[in-house]
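Below is a set of questions and answers on one protein model. Please look at the sequence and the structure before reading on.

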Amino acid sequence: DKKFGFIDTSGKAVIPAQFESVGYFNDGVAWAKTADKKLGYLDASGAWVIKPQFEVGKDFDKETGLARIKSGDSWGYITKSGDRVTLKGTDIYEDFFDGLARGRKGDKFGFLNSKGEWVIEAQYDGSRDFKNGYAAVKKGELWGIIDKTGKVIIEPKFDGIKDMELVK
């Protein structure tokens, strides 16, 4: 049976391999799934910050401090202190990237902040998550790029666009 844990930069096991799966550390917290398939969040010492209780959990977004979780049939968000947050007005729950989460109203996509406010109204036929401050959005059959305020940076004119990478 494969088990997962964490090592330091010298290769020493700091959290023994005992989990079914694990996530990455973000701001000192990582998710881990126990043998009974429950997911919780650990600190760097291996202590539970949020006890295992979820079926699914994602990494914490650095800007909002929220992670997407699934408990039973419902999706929502959780803070590092264990408080649950529910966003209203969206038909889907997506991860936060660069402080914004994709949302959907009917068949249109937009972006919400951590308070559940539409920062960029649901007006696009498709979208990708924000990366490096930009997101690809689809109008009709064509893709363009917007910034975090919703300003169009590249008009939709491409058949497809992946994530925005910073090239130095």
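In what follows, buried means under 20% relative accessible area, exposed means over 50%, and partly exposed lies in between (1.4 Å probe, protein chains only). The model is predicted: local features need pLDDT of at least 70, side-chain atom pairs count only at pLDDT 80 or more, and totals for chains, interfaces and linings use all residues. Residues are numbered from 1 along each chain as its sequence is written, and side-chain values use heavy atoms, with hydrogens and water left out.

Q: How many helices and strands does the protein have?
A: Helices (H or I, at least four residues) and strands (E, at least two) are DSSP runs, numbered from the N terminus. On that basis the protein comes to zero helices and 18 strands.

Q: What percentage of the residues in the protein is buried?
A: The C-alpha trace spans about 50 × 40 × 25 Å along its principal axes. Of the 168 residues, the buried share is 36%.

Q: How many aromatic pairs does a search of the whole structure find?
A: Rings of Phe, Tyr and Trp (its six-membered ring) pair if their centres lie within 6.5 Å; planes under 30 degrees apart count as stacked, over 60 as edge-to-face and the rest as tilted. Searching the whole structure gives a count of six.

Q: Why is the pair of F6 and F25 classed as it is?
A: The ring centres of F6 and F25 are 4.8 Å apart. Their planes stand at 65°, so the pair is edge-to-face.

Q: Where in the chain is F130, the partner of F111?
A: F111 and F130 form an edge-to-face pair, 4.7 Å centre to centre with 70° between the planes. Both residues are buried. F111 is in strand β13 (residues 108-112), and 19 residues away F130 is in the loop between β15 (126-127) and β16 (134-139).

Q: Which residue has its charged end over the ring of W75?
A: A charge sits over a ring if NZ of Lys or CZ of Arg is within 6 Å of the ring centre and within 35 degrees of the ring normal. K80 lies over the face of F60, at 5.6 Å from the ring centre. Over W75, at 4.3 Å from the ring centre, sits the charged end of R68.

Q: What is the bridge partner of R104 in β13?
A: β12 and β13 pair in the antiparallel sense. Within β13, the partner of R104 is F109.

Q: In which loop is N132?
A: N132 has a positive phi of about 55° although it is not a glycine. Its relative accessible area is 32%, so N132 is partly exposed. The loop is the one between β15 and β16.

Conventions:
Pairing = 2+ DSSP bridges.
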